[in-house]
Amino acid sequence: ESSWYFARFCAPKSAETAFDRAAVDYWLPVDQYIGGVEHAVLHLLYSRFFTRALKECGYLGIKEPFDGLFTQGMICHETYQAEDGKWLDPMEIGKDASGQWRLPDNSPVTVGRSIKMSKSKKNVVDPDRIIDAYGADAARLFMLSDSPPERDLDWTESGIEGAWRYVNRLWRMVVLPATELPVPGAPMPELSGQAAKVRRMVHKTIARIGNDFDSFHFNKAVARIREMTNALSELPATAPGAGWVLREGLETSARLIGPMMPHLAEELWAELGHTTPLVDIPWPEADPALLSEEIVTVAVQVNSKLRATIDLPKDSDITLTEQAALSHPLVVAAMSGKPAQKVVVIPNRIVNIVV
């Protein structure tokens, strides 16, 4: 009975009763319910009714079955119809030289809007074909990265191909690193310049992705990982400490992407020289000292109109901030040779010059 299966899960081997009251009261309510919009209406309605009825009858001690609810979007695809109105499977058709969809006999195909995948409309994609061509991890990455999970996702061939290209790029970064990597666990050398900047980004990514996962922002997490690996690929091989930072960054990439691409992540982890499976490795922790900004961007206004921005060390004193603002070429031009009557500085944020 789908309206109270969660209560049975608490004590599935109970032979005498449907569920055990003590086990139910200990384990329930369910921490997080995830389902499509249809389930959010019907299944939730039935589950809440049954739970309240069972409580009134004294069979369990909770009033609500679920603590949290997240309603995910649907997977959508274009629809295709033959001239006689018959629905067509995407595998039945192909594009001609002009880019028009046609059947094998060259008869035309009517392309409909993208709607929820369904067997009746035949607008489905065979998962076996996708997995054979691109792998399960690439398919999973595309679905998580395309849009926020609460919105509908339009399945496109170009989307899965983009995810597949990224999977291959990440693999090449590990098996053919731009510079020699130190052994796992090697002590950190003295870092400065670009290497230190990239390492700071790695640790900021760790902190941000933890928050993204907690709030189901998987598309943001994927974007942050890709931004981080882009920075790692652009790190000059000759930069002092580049190899050490690259190893830390690639290991972090494997750990962060593990929940989304578990198969690839395990392979990356092994290629990086680790013998303990990644699934047994704790979630990475960001170094708090690397999360604060060393450089801040300060807006400069002339008569309350934004004219320029300047990058300064965090907590620069007011005199330095004012001098930097007044000497900026765009600010000088905006002042048109007039002297500053008043300069208001809000540290780390804004400078307003009144002329």
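How are α5 and α6 oriented to each other? The legends below begin with that pair of helices and refer throughout to a predicted model.

**View 1. The helices α5 and α6 cross with axes that come within 8 Å.** Helix α6 comprises residues 157-175, and helix α5 spans residues 136-145. Their axes cross at roughly 120°. Angles from 65 to 115 degrees count as roughly perpendicular and those over 145 as roughly antiparallel; α5 and α6 are therefore oblique to each other. The crossing of these two helices is right-handed.

**View 2. The second largest pocket holds about 350 Å³ of space.** Its lining consists of 15 residues, of which Q72, G73, M74, I75 and P149 are the closest to the pocket centre. Helix α5, already shown in View 1, supplies at least two residues of this lining, as does strand β2 (66-72). By residue type, the lining of the second largest pocket divides into 11 nonpolar residues, three polar residues and one charged residue.

**View 3. Strands β8, β3 and β9 form an open sheet with mixed pairing.** The order across the three strands is β8-β3-β9. The edge positions are taken by β8 (115-116) and β9 (153-154); each has a single partner strand, so one side of each is left without a neighbour in the sheet. Strand β3, residues 75-77, pairs with β9 in the parallel sense over two bridges. Within this pairing, I75 stands opposite L153 of β9. I75 also belongs to the residues closest to the centre of the second largest pocket.

**View 4. A second open sheet has four strands in the order β11-β10-β13-β12.** Its pairing is mixed. Strands β11 and β12 (342-346) are the edge strands, and each pairs on one side only. From one strand to the next, the twist averages 20°. Strand β10 pairs with β13 (residues 350-354) in the parallel sense over four bridges. In this pairing, Q301 stands opposite N352 in β13.

**View 5. Strands β10 and β11 form a hairpin.** Strand β10 covers residues 295-302 and strand β11 residues 305-313, and the two pair in the antiparallel sense over eight bridges. V300 has A308 in β11 as its bridge partner. Two residues lie between the strands, and N303 in the turn has a positive phi of about 55°.

Note on methods. Residues numbered from 1 in each chain as written. Predicted model: local features only at pLDDT ≥ 70, side-chain atom pairs only at ≥ 80, totals over all residues. Heavy atoms only, no water. 1 Å grid on protein atoms, 1.4 Å probe; cavity = no way out; pocket = protein on both sides within 12 Å on 5 of 7 lines; lining within 4 Å. Points joined across faces, edges and corners; volume = space filled by probe spheres on them. Nonpolar A, V, L, I, M, F, W, Y, C, P; charged D, E, K, R; others polar. Pairing = 2+ DSSP bridges. Axes fitted to C-alpha atoms, helices over the stretch in contact; angles between N-to-C directions. Parallel < 35°, antiparallel > 145°, perpendicular 65-115°, else oblique. Left-handed = near helix turned anticlockwise from the far one by under 90°.
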